[in-house]
Amino acid sequence: MATATAPKAFKNFINGEWVESRSGKVIEDRNPANSSELVGTFPASNAEDVNLAVAAAKNAYKTWRLTPAPKRAEILYRAAEILVKRKEEFAREMTREMGKVLAETRGDVQEAIDMTYLMAGEGRRQFGQTTPSELPNKFAMSVRTPVGVAALITPWNFPMAIPSWKAMPALVTGNTVVIKPAEDTPLSTYNLVQVLNEAGLPPGVLNVVFGDGPGAGAPLLNNPDTNLVSFTGSTEVGRIVSEACAPSFKKCHLEMGGKNIIIVMDDANLDLAIDGAIWGGFGTTGQRCTAASRVAVHKKIYAAFVEKFVARARSLRVGDGLDPAIDMGPSISEQQLKTVRSYVEIGQKEGAKLATGGHRLEGGAYARGWFHEPTIFTDCDPKMRVAKEEIFGPVVSVVPFDTIAQAIEIANGISYGLSAAIYTRNINHAFLAQRDLETGIVYVNAPTIGAETHLPFGGIKNTGNGHRESGEAAVDFYTEWKTIYIDYSDRLQRAQIDNAE
Ligand code: NAD
């Protein structure tokens with residue numbers, strides 16, 4: 001168990017045992033608020049490690065698939081109880097490795113708790129259909145069956161929640177699992193795996209291999225014994241995952257980037273919309289797939305909105321997320337901070353107006369962290385790169401508009417389709433927007449972030465490939481339908497032919 005003072009050398013978890021990587025190499029997990037602080041070292045796994053984990057999962061599948069689902073669910077339920085007890089400790093460790101403020105890392109662990117309880121409930125709810133046959137003395141039904149070995153590849157921004165969104169439905173439906181978490185936030189996945197192990201998962205049912213994408217992620221995709229892949233991350237890597245799965249038709253779920261919009265109509269509750277734009281834009285330092293990185297504001301209230309929005313952004317306190325007085329933590333890494341810096345330059349070159357922020361925070365308490373000012377570009381043209389591309393940092397682009405039709409056109413004029421929000425008190429506008437916005441999630445009078453675990457989560461266009469996380473949608477993804485006909489007539493009965501007489 002890692003403590004706040006002692007960095008530890010962590011290992012992979014394969015076939016119920018903590019084991020060293022065959023590579024002999026490690027990746028350092030450092031605090032992005034203070035990069036001199038080493039949280040721990042994790043294996044830089046290679047194909048050999050991955051293949052051992054997949055073999056263990058394949059072997060465990062033989063018995064796990066036959067374990068009654070309510071029994072599988074009892075283990076999940078126990079895991080949820082342990083997560084509840086250790087929530088604060090796990091939240092603190094997550095802030096240390098990921099940077100987001102404690103209130104948000106508590107939320108991240110809570111999301112894992114919610115998902116684990118929800119999926120524990122699914123142990124007794126994996127319903128199929130029973131239906132009359134078109135022929136006499138014949139019975140028809142459908143049942144869910146597991147898919148096999150599930151390969152789960154996850155990002156760093158929700159380091160416990162996202163692995164739980166994938167692992168819990170996979171496990172309760174009878175699949176066995178190999179997880180490859182993001183290299184920047186391995187500790188939170190380690191904590192989740194450790195909890196499931198303590199709750200009583202049999203050896204090999206859940207395995208974790210730490211490491212980077214090419215070293216440990218790619219072999220997982222290429223191993224012929226992984227039957228299903230669930231990936232959350234960038235659209236760029238999602239395409240690689242999709243292509244790797246295609247030749248052998250692996251069932252593949254991709255949740256990728258976003259450029260989410262808040263539309264503020266002239267009849268909106270302005271203060272409420274500003275609260276939403278601040279939380280949506282700068283929560284998690286803008287590093288949410290659902291971050292509100294664009295705000296389209298009706299011209300009638302544009303000046304008033306911008307004035308208040310900028311003032312609120314300036315008042316945000318940036319720093320170490322473990323300090324309860326802090327509103328916004330650092331970027332995850334030096335590389336991510338560089339991306340933010342480059343988009344600030346791009347926005348200025350494109351002619352967007354830098355209304356506040358735009359600088360890296362340096363010196364003093366910021367000296368060893370990857371901190372950046374909350375930044376707002378105003379008077380943006382919707383075609384500018386800062387208004388169309390995912391930045392994944394504390395940068396929001398504000399775009400003025402005249403009509404609801406224009407606002408929806410702006411909203412839909414990008415390649416992503418994850419989340420969108422509208423602030424209005426006009427019910428007609430709210431209904432038009434929820435119908436016409438091309439996203440998987442729409443909020444009315446709330447920001448683009450705030451998914452609940454029992455509803456489908458995911459996006460369209462370049463954000464997703466047609467599947468959804470969470471709720472019943474997740475049970476759909478992690479199972480295959482098997483349709484069963486039982487003919488007890490003792491004669492040949494031909495569907496579509498004999499019933500036509
Ligand atoms: P990323 O694509 O760089 O990495 C995601 C995961 O893929 C990591 O575990 C990484 O090691 C692995 N990976 C990288 N290259 C690989 C390869 N060649 N083969 C196999 N695996 C590989 O993304 P990130 O920087 O960790 O996360 C940020 C991105 O994730 C953003 O684009 C964000 O929008 C997206 N995201 C989407 C959702 C969603 O639900 N739609 C949720 C959270 C984050």
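Which element gives the largest share of the shell around the ligand? Helix 7 does, with four residues. This is a predicted model, where local features need pLDDT of at least 70 and side-chain atom pairs pLDDT 80 or more, while totals for chains, interfaces and linings use all residues. Residues are numbered from 1 along each chain as its sequence is written, and side-chain values use heavy atoms, without hydrogens and water.

**Shell**
- The ligand is surrounded by 30 residues (a heavy atom within 4 Å).
- The closest are T154, K180, E183, S234 and E390.
- The shell holds 16 nonpolar, nine polar and five charged residues, with Gly counted as polar.

**Polar contacts (N or O pairs within 3.5 Å)**
- A polar backbone atom of M256 is 2.8 Å from a ligand nitrogen.
- For G213, a polar backbone atom lies 3.3 Å from a ligand oxygen.
- E255 places a polar side-chain atom 3.5 Å from a ligand nitrogen.
- The protein covers 90% of the ligand's own 850 Å² of accessible area (Shrake-Rupley, 1.4 Å probe).

**Elements and domains**
- The ligand lies between domain 1 (11-26 + 38-256 + 464-483) and domain 2 (261-444), because both give residues to its shell; the bounds come from an automatic or database domain assignment.

Terms used. Polar contact = N/O pair within 3.5 Å; in protein donor to acceptor, adjacent residues only side chain to side chain. Helix = DSSP H or I, 4+ residues; strand = E, 2+ residues; numbered from the N terminus.
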